[in-house]
Structures are given as C-alpha cells and as structure tokens.
Amino acid sequence: MCGIVGYIGYKKATPILINALKKLEYRGYDSAGIAVFNGEDIIVRKTKGVIKILEERIAKEIIDGSMGIGHTRWATHGEPNDVNAHPQTNVSGSIVVVHNGIIENYLELKNWLQGQGVVFRSQTDTEVIAHLINYYYEKDKNIFTAVKSVLPKLEGSYALAVECKDYPDRIIVARKECPLVVGLGQNENYLASDIPALLEYTRDVLFMDQKEMAVLYTDHVDLYNSEGEKIHRDSYHVEWDINSAEKNGYEHFMLKEIYEQPKALTDTLRPRIVKDKSGKPVDISFEEIEFGSDWENAERIVISACGTAYHAGVVAKYAIEKLVRIPVEVVTASEFRYCNPILKQSDIFITISQSGETADTLAAMRLAKSKGAKIIAITNCVGSTISREADSVIYTWAGPEIAVASTKAYTTQLACLYLIALKISQVKKTLPKEEFLKLLEELQQIPEKAEQILKDKATIQKFASLQFNKDKIFYIGRLFDSASCLESALKLKEVSYMHSEAFNAGELKHGPIALIDNSTLVVAIATQPELYDKIGSNIVEVKTRGASTLVITQDKKNAFKDKADEQFVLPEVSETLSSILAVIPAQLFAYYCSVYRGNDPDKPRNLAKSVTVE
C-alpha cells in the first residue's frame with residue numbers, strides 16, 4: 001500500500017517524481033503529492049485522486065528544483081482528500097514528510113503536541129511525525145539527529161522520507177516494517193517503495209533493513225543502523241529487463257501476467273530439477289535449502305500466509321499430506337499472530353508472500369521464529385524483509401507482478417511447494433522411486449501444458465461474455481479442487497466485483513444450496529476422476545434449481561457432457577499436480593468478466609498489491 005519516491009541530483013526533480021509515482025500506481029492509492037525544493041522554499045503540491053489530476057494541477061506551474069519527494073497515499077487515518085494527502089509538513093512548511101505505514105500511538109503523540117501549542121491541519125497520523133521532527137529540530141537545528149530522536153517514539157510501522165528547507169543538499173529516509181529501496185546513480189540518487197519505480201533510472205539499489213536510516217546526497221548515500229552508526233552494504237544489481245514492467249502490447253498487466261505463467265513456471269522449476277544426460281528428470285536440488293535432519297525428523301509442517309498465498313498453502317497441505325504422510329496445518333497469518341500457537345522444535349514453519357513485505361505474514365513469521373521454529377520463506381522479491389529474516393528462502397522467480405490480482409505469483413508458489421513436497425517425500429522415503437520420478441517428470445511438463453490452456457482462451461472468453469452479469473457465482477470442488485476454488489473465487493471478486501464464494505462440494509446441502517436460483521453461476525472444478533460422479537451429482541442439483549454451470553476438468557470421457565452447460569477440458573496431469581493448471585481458466589474467466597463489466601482489472605477498487613499494514 002502507498003508509494004514513496006524521491007530524487008536528489010542535477011536534473012529537474014518534478015518529472016522524475018511524477019514518472020516514478022506512475023510506476024507505483026499498481027500498489028493502490030487514493031491521492032498523490034510531491035514536494036520539491038526550488039532553491040528557496042519547499043513547494044508542496046498534492047491532490048485527491050489519480051496522478052493525472054496532480055499532473056494537470058501543476059502543468060501551468062514552473063516548479064524548478066533538483067531535490068524532491070513524492071507519495072501515493074492509501075488512506076488509513078483521515079478520509080481521502082487534498083488536506084490528508086501527503087506530503088505533510090510542520091507548521092511553517094520548512095520540514096516535509098512522506099510516510100507509508102501506520103503510527104499506532106499517533107493519538108497520544110498528537111495530544112502531547114497539541115499541549116505544546118501545535119495546530120494540526122489534517123487527520124493523518126503522518127502529520128504527527130512532521131511536528132515531532134520540528135520539535136527536536138528546534139533544539140539543535142540538526143535535521144539528522146531530529147529524525148533519529150523521533151523514530152523511537154513511533155510505535156507501529158513506517159517508511160519515511162524527510163526534506164528540510166535548511167538542508168537543501170540531502171533527503172533523510174528511515175524504515176521499520178514497510179519496504180524502502182535506495183537507487184544509486186552517477187551524481188544523483190533515488191528512493192522508492194519498490195524497484196519498478198527506479199528501473200528507468202538505475203539498476204543498482206540498496207535494500208534498507210529494519211530500523212535503518214539513510215541520508216541521500218547528490219554524490220553518495222550514507223547508511224546507518226538503528227544505533228545511528230554508519231554501516232556499509234553492497235548494492236544489488238537488478239537483472240530485470242525494464243520491458244518486464246511494461247504491458248508489451250497487452251491491454252492490461254493482469255492478462256500479460258496470466259500469459260507469462262508458462263515462462264515463470266519454467267524459470268521457477270528448471271533450476272531445481274536435476275536431469276540426467278538424456279534430459280530426463282532424476283532429482284530435485286535446492287541451492288537455498290539443505291534438506292537434512294530437520295526435514296527427516298519433522299513431525300509437522302505449519303504454513304502461514306494471507307490471501308492468494310494462503311490458498312497456495314492449502315494446496316500444499318493436500319500435496320504434502322498425500323505424498324509425505326505427515327500433518328500440515330495452514331493458518332492465515334492474521335489469525336496465527338493471536339492464537340497463541342503451539343509449535344514444537346521438530347516443526348517446520350513455511351511462510352509465503354509474493355512481496356515479502358506482507359505485514360501479518362511478517363508478524364507470524366517473527367512469532368514462529370521467537371518460539372524456535374525453523375523458518376522457510378517462499379517469496380518473489382529478492383531482498384524483501386521476509387527473505388532476509390527467514391532461516392532459508394526459496395524465490396519463485398516469477399518476475400515483477402504489477403497487477404494487483406496475483407496470477408503468476410500463485411502458480412509459481414505452487415510449483416515451489418510441489419517441489420518441496422516431492423523433496424520431503426524423498427528425504428523421508430515415503431514415495432516409491434518410480435512414482436517420485438513420474439511426478440517429477442509431470443511437474444517438468446507443467447509449463448508446456450499451461451501454454452496449451454492459454455491457446456484455448458476463446459472458450460473461457462466466450463463463456464464470460466454470457467455470464468458476466470450473474471449476481472452470484474459459487475465455485476465447488478473437493479480436496480485439491482476445493483483449494484483451487486478458493487483462489488478462483490478470490491480472483492473473480494477481486495477484479496469483477498461479482499459476489500463469488502467457494503464451497504466444498506459436499507457442503508452444498510448444508511446451507512449454500514438455499515442461495516441457488518437462476519441468477520447463479522456454479523463453477524465446478526473436477527480434476528480427480530474418483531470424484532467425478534460426486535461432482536456430477538452436485539451439478540445436477542444446482543441446475544435443477546436454475547443455476548448456470550461450468551465445469552473445469554481433465555475428463556475426456558464426457559462424464560459431464562449432459563450435466564454442465566459448458567466444459568473446459570484441461571491437459572491431463574496427475575491429480576496431485578492439477579491445481580496449477582486448474583486455476584488458469586479461472587484467472588482468465590475473472591479477467592474477462594472484469595473487462596466486460598467495464599472495470600480496470602489492474603487496479604481493483606479498495607485493494608492494494610502489497611498489504612504492508614495490519
């Protein structure tokens with residue numbers, strides 16, 4: 001949520017700030033603003049709404065200056081309006097702050113400041129920071145020590161960028177919980193909440209760690225630890241091609257990323273599948289993890305994540321329990337934090353987050369770590385907080401995912417989890433070698449089969465054109481398919497705003513069937529042949545009550561021919577691995593329903609790509 005950008009150098013700051021903010025629009029926001037030092041004063045311009053409105057507002061102005069900060073805000077304290085938009089300032093406007101995160105004790109601090117005579121203009125927690133910095137700045141006129149003095153007073157999460165009129169040669173930044181990246185240039189430096197904002201200008205970055213500060217000058221960057229001591233860290237060179245963060249001819253990022261799944265899956269699987277001289281898969285190798293005695297002795301696996309990543313964890317539960325025969329508990333991270341969890345030394349704790357910055361997931365991981373659990377992280381973002389704090393990290397290598405609704409991140413998370421399940425089965429010797437090799441070969445073929453599904457997109461697109469006006473959409477399935485239903489329903493509600501829910505198919509008669517009528521669409525996911533008859537009966541039940549029906553299946557023997565209105569047939573794969581393929585038609589259906597309803601699937605209302613606050 002929210003986005004921070006900054007620039008200091010020799011070029012005009014305003015166009016750089018505006019352009020960088022546009023690269024962060026995918027994070028979700030309701031207002032935008034910039035603050036540029038023009039040689040005499042810090043000029044602040046901000047507005048409710050999209051960045052284009054901000055551009056139009058400043059189009060007739062000349063805002064010269066080569067140092068500035070910018071922000072896209074996702075409202076937490078105070079409604080979205082011009083006054084509550086960032087940047088926020090002290091009373092005189094000489095100190096300017098942009099902030100991502102939530103200051104949990106802001107009201108206590110605000111009351112104290114008001115007692116000191118400070119008059120507030122906004123309802124934001126961020127304005128408290130600006131006034132607090134001013135309070136300490138008035139003591140010795142040192143902006144660095146003023147910011148450093150404020151940070152211990154702030155309870156909650158923050159990524160901050162601070163400008164001071166009296167110090168026109170530097171930008172001060174700090175972070176706790178919320179991500180912040182420093183971009184390194186030649187006689188110019190940058191900052192941003194996320195790498196895509198920087199790619200046009202530099203590929204060399206510093207990832208700021210917990211409770212660190214940095215001071216950006218034109219010709220260098222100083223990095224400090226939480227004690228205020230100067231430290232050194234090697235920069236990281238970003239290998240992405242800048243085009244990977246653009247649409248490349250696709251109408252929307254979401255569609256582009258759906259189509260990138262075969263490549264993303266290949267990139268995730270190929271380095272970990274060991275082949276013999278003939279090219280046949282024979283083993284799994286994780287450079288990132290040593291599958292030693294911890295895994296051999298593991299009696300339970302706990303998986304914690306949020307949203308789409310949680311759904312990947314549910315699939316993993318079915319896969320690991322089937323292949324390894326040890327219990328797997330999947331808990332939403334927001335619940336794990338407060339349930340006083342029971343963890344044993346022999347447990348393995350797996351945490352999953354596309355961004356590696358999800359607030360609840362981070363908190364769950366830290367709680368598990370404090371109890372002595374071995375932490376394995378699955379993430380897409382190199383240098384993210386989760387990747388740095390986990391004992392071991394597996395990267396999905398999905399590449400940048402710009403659309404808010406996750407697609408390729410989900411399927412690559414599944415690929416990693418299937419690899420883990422197979423590797424544990426090998427370590428614990430719970431799977432015959434022939435079956436292990438068969439599943440490994442099928443897993444290697446998944447990207448090609450994903451490509452086949454995408455070639456048949458017209459079937460799903462046509463069905464969406466007939467169903468996008470339905471009032472209620474229910475996804476039903478059993479076992480692995482019920483997990484796929486969870487993610488399919490989430491995708492549809494995220495981007496189309498259609499009311500969609502997922503149910504275990506056997507639970508229909510225990511309540512949900514009361515909602516079925518002719519305004520309902522029921523999508524059945526059926527990839528397990530032994531359950532086709534059961535799912536077929538469910539389809540007949542809902543059709544007799546007026547529902548339209550679609551079945552996503554591997555069946556090529558027409559088990560559903562006279563039962564479902566429409567059928568999408570997947571390429572055949574073991575039912576254990578079917579969840580990767582089953583979700584792709586559902587992603588396409590969600591995308592096309594969104595477009596037919598006139599929505600922007602890349603920027604669904606009320607949602608943000610990375611939920612970095614609780």
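Student: Is glutamate 299 buried, partly exposed or exposed?
Tutor: Partly exposed, because its relative accessible area is 47%. Buried means under 20%, exposed over 50%, and partly exposed in between (1.4 Å probe, protein chains only). This is a predicted model: local features need pLDDT of at least 70, side-chain atom pairs count only at pLDDT 80 or more, and totals for chains, interfaces and linings use all residues. Residues are numbered from 1 along each chain as its sequence is written, and side-chain values use heavy atoms, leaving out hydrogens and water.

Student: Which side chain meets glutamate 299 in a salt bridge?
Tutor: Lysine 344, at 3.3 Å, N to O. A salt bridge puts a side-chain nitrogen of Lys or Arg within 4 Å of a carboxyl oxygen of Asp or Glu.

Student: How many salt bridges in the structure?
Tutor: 31. One of them joins aspartate 294 and lysine 374 at 3.6 Å, N to O.

Student: Switching to the nonpolar side. Which residues touch the most other members of the largest core?
Tutor: Trp295, Ile301, Ile350, Tyr418, Leu422, Leu443 and Phe589, out of 90 residues. A nonpolar core is a set of buried Ala, Val, Leu, Ile, Met, Phe, Trp, Tyr and Cys residues joined through side-chain atoms within 4.5 Å.

Student: What does tryptophan 295 contact, beyond four places in sequence?
Tutor: Its contacts (heavy atoms within 4.5 Å) include Ile301, Ile348, Lys374 and Ile420. Apart from that core lies another, of 33 residues, among them Tyr106 and Phe120.
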